[in-house]
Amino acid sequence: MEYDDLVIQTIAPTTHDLGGFKVHRTLPSRPRTMVGPFIFFDQMGPAHLDIGQGIDVRPHPHINLATVTYLFAGAIDHRDSLGTMATIEPGAVNLMTAGKGIAHSERSPQIQRDIGPELSGIQTWLALPETFEEIDPAFEHVGAIELPVVESGGARARVIMGSLWGVSAPTTTYAATIYADIALSPGGSVPIDGEADERAVYVAMGRADLDGIELEPQTLYVLRPGIAARLHSASGARVMLCGGEAFATPRHVWWNFVSSSRDRIHQAREDWKAGRFPIVPGDEAEFIPLPEVPKTVSYP
């Protein structure tokens, strides 16, 4: 198969060095804002921090989206303004629904800091359909043992959200969504079907190809709708598959806020600046101030 028959868009990452680890961001970007409901796609690490160090993402707000955190290595303590405290570890998923507004923080557990924490994983945001944008905020932790795993042909695929390869994840979805973590052994392969409206593949680690087309690491490949293909790795790889239903109306992104309405984002900015978001119990001493120029924006 020729490249253009399979891939309609290639999105190279914007890479930020956060001191001790790097973050590679492919969504949102100038070429494209969304793939299905996915409107933000970050790879954290892989990194091994020094003893005593850790990640400290101070309390910050979100609206009209759901955050999805998935780790390959390490651990993160999540706290939010609902009073949630949950530690996520590899293979599990944290789904935080912001809805009409939530604040949260993410920090390395002390036990990880004492040994020098590993950090490796993917954080994504899902835009909410308009009927769900202003729902009450919620948090859901789905353990690794609860997520279905499909093993065949030298591939081990964990379905994080939606239905793939004949199995379905229990994770809540608000729009049709597919999301999977695919571990390929050397010589392993797995079929990628063409059923979702929009799909993309992303090589997080190692090297892989799709129907013989070599895929660059840390790059999001948006696939042509309706075209099935086979994902393969000669040397071993970790690949994410994401996508789902195409949204009929655009979404806007400014900092940590996503909405179908620019006015709603402006309101959220003013609310955070004025201290009208709820606090995060157990993490009240700090917060991230509203930036003048955010790094995360959508492009009209």
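A: A polar contact is a pair of N or O atoms within 3.5 Å, where, within protein, one must be able to donate a hydrogen and the other to accept it. The structure above is a predicted model.

Q: Which side chain is joined to that of Gln218 by a polar contact?

A: The partner is Gln43: the side chains of Gln218 and Gln43 make a polar contact of 3.1 Å. That value lies inside the cut-off, because a pair counts when its N or O atoms are within 3.5 Å.

Q: Where does Gln218 lie, and which residues does Gln218 touch?

A: Gln218 is in the loop between β21 and β22, the latter spanning 220-223. Not counting residues up to four places away in sequence, Gln218 touches Pro13, His24, Thr26, Gln43, Tyr202, Val203 and Ala204.

Q: Does Gln218 count as buried or exposed, and at what relative accessibility?

A: Buried means under 20% relative accessible area. Gln218 has 17% relative accessibility, so it counts as buried.

Q: How is the order of strands in an open sheet read, and what is the order of the sheet that holds β18 and β21?

A: The order names strands as they stand side by side. Here four strands form an open sheet, in the order β18-β23-β20-β21, and the pairing is antiparallel. The edges are β18 (189-192) and β21 (213-215); each has a single partner strand, so one side of each is left without a neighbour in the sheet. From one strand to the next, the twist averages 25 degrees.

Q: How many bridges pair β20 with β21, and which residue stands opposite Leu210?

A: Strand β20, residues 208-210, pairs with β21 over three bridges in the antiparallel sense. Opposite Leu210 stands Ile213, in β21.

Q: Which residues is Ile192 in contact with?

A: Ile192 belongs to strand β18. With its neighbours within four places in sequence left aside, its contacts are Trp165, Ile182, Arg199, Leu210, Leu223, Ile227, Ala228, Ala229, Leu231 and Leu241. At 1% relative accessibility, Ile192 counts as buried. As for a separation along and across the chain, Ile192 and Ala73 are 119 residues apart along it, and their C-alpha atoms are separated by 25 Å.

Q: What is the order of the open sheet that contains β5 and β8?

A: Four strands make up this open sheet, in the order β5-β10-β7-β8, with antiparallel pairing. Its edge strands are β5 (56-62) and β8 (85-88), and each pairs on one side only. On average, neighbouring strands are turned by 20 degrees against each other, direction ignored. Strand β7 (residues 76-80) is joined to β8 by four bridges, and the two run antiparallel. His78 stands opposite Ala86 in β8.

Q: How many residues lie between β13 and β14 in their hairpin?

A: Two residues lie between them, and Gly153 in the turn has a positive phi of about 60 degrees. The strands, β13 (residues 149-152) and β14 (residues 155-161), pair in the antiparallel sense over four bridges. Val149 stands opposite Arg158 in β14.

Q: How many residues of strand β6 are buried?

A: Strand β6 covers residues 65-74 and is mostly covered, with 10 of its 10 residues buried. Tyr70 shows both pairings: its bridge partner in β11 is Ile122, and in β9 it is Val93.

Q: How many aromatic pairs does a search of the whole structure find?

A: The search finds nine. In one of them, the rings of Phe40 and Trp125 have centres 4.0 Å apart and planes at 10 degrees, so the pair is stacked. Phe40 lies in strand β4 (residues 38-48) and Trp125 in strand β11 (residues 118-127), so this pair ties together parts that are 85 residues apart in sequence. Both Phe40 and Trp125 are buried.

Q: What are the centre distance and plane angle for Phe41 and Tyr202?

A: Their ring centres are 4.8 Å apart and their planes are at 50 degrees, so this pair is tilted. Phe41 is in strand β4 and Tyr202 in strand β19 (residues 198-206), so the pair ties together parts that are 161 residues apart in sequence. Phe41 and Tyr202 are both buried.

Q: Which residues form one aromatic cluster, and which residue lies over the face of Trp254?

A: The cluster consists of Trp255, Phe257, Trp272, Phe277 and Phe287. Over the face of Trp254 lies Arg269, at 4.0 Å from the ring centre.

Technical notes:
Residues are numbered from 1 along each chain as its sequence is written. This is a predicted model: local features need pLDDT of at least 70, side-chain atom pairs count only at pLDDT 80 or more; totals for chains, interfaces and linings use all residues. Side-chain values use heavy atoms; hydrogens and water are left out. Two strands pair if DSSP finds at least two bridges between them. Axes are lines fitted to C-alpha atoms, for helices over the stretch in contact, and angles run from 0 to 180 degrees between N-to-C directions. Rings of Phe, Tyr and Trp (its six-membered ring) pair if their centres lie within 6.5 Å; planes under 30 degrees apart count as stacked, over 60 as edge-to-face and the rest as tilted. Buried means under 20% relative accessible area, exposed over 50%, partly exposed in between (1.4 Å probe, protein chains only). A charge sits over a ring if NZ of Lys or CZ of Arg is within 6 Å of the ring centre and within 35 degrees of the ring normal. Contact means heavy atoms within 4.5 Å.
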